[in-house]
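Open the model in your viewer and keep the sequence panel beside it. The stops below each say what to select and what is there.

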Amino acid sequence: MKRCNQLIFALFTLAMSQTLQAAPTPLDRVTVQINEGIILESEVSGMVQTIKANANKAGQKLPSDTALRTQVIERLILTRLQLQMADRIGLHIGDLQLDQTIENIAKEQNITVAQMKAQIESEGTTFAQYREQLREEITLGEIQRIQVQRRIQVSPQEINNLVKIINEQGLKEVEFQIGHILIDVPSDANSQQLDAASKRAAAVLKRLQDGDDFRSIAIAASSGPKALEGGIWDYMNINEMPTLFAEVVGDAKTGDIIGPIKSGSGLHIIKVMDARGLQTKEVDEVKSRHILLKPSPILSEERAKSMMDRFLAQVKSGEAKFEDLARQYSEDPGSAVKGGELGWADPSMYVPAFAQELNSLEIGEYSEPFRSTHGWHIVQLEDKRTTDATDQFNTNRAHQLIFRRKFNEELQNWLDEMRSEAFIDIFEPETNRG
């Protein structure tokens with residue numbers, strides 16, 4: 001099931017990388033105006049055709065051309081709005097950061113960058129296209145982190161409550177893969193709109209109960225954030241999934257269909273696509289410390305890396321102490337006052353580039369300067385230990401679970417708000433008008 005979900009996402013990502021590189025043709029036209037920007041017909045049609053071609057090769061069922069086109073336009077609109085926001089705040093991913101990310105990806109796959117390039121080009125995508133698609137993905141991740149993270153507050157009381165629940169009741173040793181379809185209802189809907197939405201939800205529910213393909217229906221009918229991925233959310237424990245899901249899937253079994261459930265955003269239909277036991281009973285933890293520099297209009301990427309090179313040389317030569325440099329220069333306020341100490345943690349709680357560096361180090365070893373989504377780091381692995389997973393839900397673990405849940409919820413709220421405030425005009429060709 002997970003592989004199928006990943007395949008759908010891969011098809012969409014490939015379509016994005018190929019479509020966004022397409023040059024306007026002489027017969028091209030504007031399909032969507034978004035604030036001061038546009039989406040061209042070549043982008044829409046190119047992505048639709050690429051998704052269809054790749055889905056056909058993989059044996060993946062898709063809905064009608066009209067439904068697929070609608071979802072593609074919606075995804076392009078949300079993507080463009082986020083990129084416009086990134087431009088407005090001056091968020092740009094430079095070549096140095098991009099090169100560092102590519103090196104990290106290659107290292108994670110145990111191949112060289114040259115081997116990675118050859119592999120990508122053998123699959124029909126140029127390395128230049130891959131680089132620009134990766135640059136966009138990093139930009140989207142960064143703008144989401146910047147805009148959504150500041151909307152999230154996790155109170156000590158919430159953390160204490162979760163720790164208490166887990167200590168008293170344990171954690172259900174189950175992760176769920178959720179299928180989600182959202183039937184959109186306007187916030188100020190009148191009785192006719194509510195009735196129409198209810199009828200659409202009932203029709204969708206009947207098709208699902210009759211055994212129709214969930215993913216195809218989700219692409220055709222859902223207004224949810226995972227619509228173009230067939231409505232599929234990856235495996236989640238009940239404590240980290242969005243509250244709406246957690247409230248209804250606790251005792252559900254694989255194949256159960258739940259809903260419609262009404263919320264402020266519309267009517268939700270949920271299907272438990274799969275359930276599995278937690279994959280590990282033990283967790284490998286690391287104790288580490290780091291120094292962080294955040295590039296800015298004042299501190300360039302090159303300057304930040306140069307400073308990190310100097311710090312590392314000073315520490316290794318004994319000219320300076322790591323903890324003193326961290327207190328003086330590190331821009332991670334939580335660890336800087338403690339000499340860069342991060343304490344014990346499951347590496348997976350960190351961003352991928354940081355976790356990857358920690359996993360590659362021996363105890364006592366320092367990393368070379370590397371770039372993550374937060375900035376430039378030097379990290380030292382101080383120690384490792386293996387501990388029982390049932391002991392993991394301490395304060396940090398509880399905070400992580402609550403934060404993940406709130407991030408998913410707030411991300412969708414932010415996207416909805418940004419879309420509702422934007423000027424969007426969709427120009428459909430005569431053949432697409434009803």
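Predicted model: local features only at pLDDT ≥ 70, side-chain atom pairs only at ≥ 80, totals over all residues.

Start by selecting Asn35, which is partly exposed at 23% relative accessibility. Residues are numbered from 1 along each chain as its sequence is written, and side-chain values use heavy atoms, with hydrogens and water left out.

**Backbone stops**

Stay on Asn35: its phi is positive, about 50°, although the residue is not a glycine. Asn35 lies in the loop between β1 (30-34) and β2 (37-40). Helices (H or I, at least four residues) and strands (E, at least two) are DSSP runs, numbered from the N terminus.

Select Asn110 next, in the loop between α4 (95-108) and α5 (113-122). Asn110 is not a glycine either, and has a positive phi of about 60°. Is Asn110 buried or exposed? With a relative accessible area of 70%, Asn110 is exposed.

Now go to Gly259 and Pro260, which are joined by a cis peptide bond with omega of about 0°. Pro260 is part of strand β5 (residues 257-263).

**Aromatic rings**

A pair of aromatic rings is described by the distance of the centres and the angle of the planes. Rings of Phe, Tyr and Trp (its six-membered ring) pair if their centres lie within 6.5 Å; planes under 30 degrees apart count as stacked, over 60 as edge-to-face and the rest as tilted. By this rule there are seven aromatic pairs.

Select Trp233 and Phe245: the ring centres are 5.4 Å apart and the planes stand at 90°, so this pair is edge-to-face. Trp233 lies in strand β4 (residues 232-237) and Phe245 in helix α10 (residues 243-249), so the pair ties together parts twelve residues apart in sequence. Trp233 is buried at 9% relative accessibility, and Phe245 is buried at 2%.

Move to Phe322 and Tyr366, a stacked pair with 5.8 Å from centre to centre and 25° between the planes. Phe322 is in helix α12 (residues 322-329) and Tyr366 in the loop between α14 (352-360) and β9 (370-371), so the pair links distant parts of the chain, 44 residues apart. Then select Tyr350, Phe354 and Phe370, which ring pairs link into a cluster.

A charge sits over a ring if NZ of Lys or CZ of Arg is within 6 Å of the ring centre and within 35 degrees of the ring normal. Arg385 likewise lies over the face of Trp344, at 4.2 Å from the ring centre.

**Salt bridges**

How many salt bridges does a search of the whole structure find? The search finds 29, a salt bridge being a side-chain nitrogen of Lys or Arg within 4 Å of a carboxyl oxygen of Asp or Glu.

Select Glu323 and Arg289, which meet in a salt bridge of 3.1 Å, N to O. This pair links distant parts of the chain: Glu323 is in helix α12 and Arg289 in strand β7 (residues 282-293), 34 residues apart. Glu323 is partly exposed at 26% relative accessible area, whereas Arg289 is buried at 11%.

For the last stop, select Asp95, Asp99, Arg131, Glu132 and Arg135, which salt bridges with shared partners join into one network.

Technical notes:
Buried < 20%, exposed > 50% of the residue type's maximum accessible area, 1.4 Å probe, protein only.
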